[in-house]
Amino acid sequence: MTDDPKKRMDSVRQEIDLRLDGLFGDLGRALGDVLAKLDEAGGEVRHARSFDTGDGPIRAQADIRFRMGGLEGGASTATPEPVKPESPKPRDITATILSEGPHWSLTAELPGVTEADLDLTVTDGQITITAAGQGRAYTGTFDAPATLTKDSLTVSLRNGILDLSAEVPE
């Protein structure tokens, strides 16, 4: 075995390619075909390969389809409209609420949300929490003390854990 890392790496690459029966070479050729088809403004590329592993044959197939649209005779020069991702369906918030004397608190897990993503509404003894961020959305309505106001809440949201607390008169 050689001490030269470059020669060792070349040897490993050759061994892998040999054991996979040239699959990597076929993938390279398939990518070349894709580029050629793109130049021709559309098409389909298919490559299939079978090889024996000693435990039986394995068939590998790669299909790549693409469609070029636009102006007659070639690719479009128009700027495509950006695709807006659909808003995620809000998940129900599960919360732990503690009330002991004048101390009230609510704790909930809201992964993927920051404090800027949070919206709190307090009305008639109910607190509604909505939040959306990083492809996630949450909503929940919880009973709260009748004297609770949004201004009396201390809000902390760190590492996906929401903590709301307040001192409310009894």
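Q: Which residue in strand 10 stands opposite Thr 154?
A: Thr 154 faces Ser 165 there. The model is predicted: local features need pLDDT of at least 70, side-chain atom pairs count only at pLDDT 80 or more, and totals for chains, interfaces and linings use all residues. Residues are numbered from 1 along each chain as its sequence is written, and side-chain values use heavy atoms, leaving out hydrogens and water.

Q: Why are strand 9 and strand 10 called paired?
A: Strands (DSSP runs of E, at least two residues, numbered from the N terminus) pair if DSSP finds at least two bridges between them. Five bridges join strand 9 to strand 10, so the pair meets the definition. The two run antiparallel and form a hairpin with two residues between them. Asn 159 in the turn has a positive phi of about 50°.

Q: What makes strand 4 and strand 9 edge strands?
A: The open sheet has the order 4-5-10-9. Strand 4 (95-100) and strand 9 (154-158) each have a single partner strand, so one side of each lacks a neighbour in the sheet.

Q: How do you know that Leu 164 touches Trp 104?
A: Contact means heavy atoms within 4.5 Å. Trp 104 is among the residues that Leu 164 touches, as are Leu 153 and Ile 129, with residues up to four places away in sequence not counted.

Key: Helix = DSSP H or I, 4+ residues; strand = E, 2+ residues; numbered from the N terminus.
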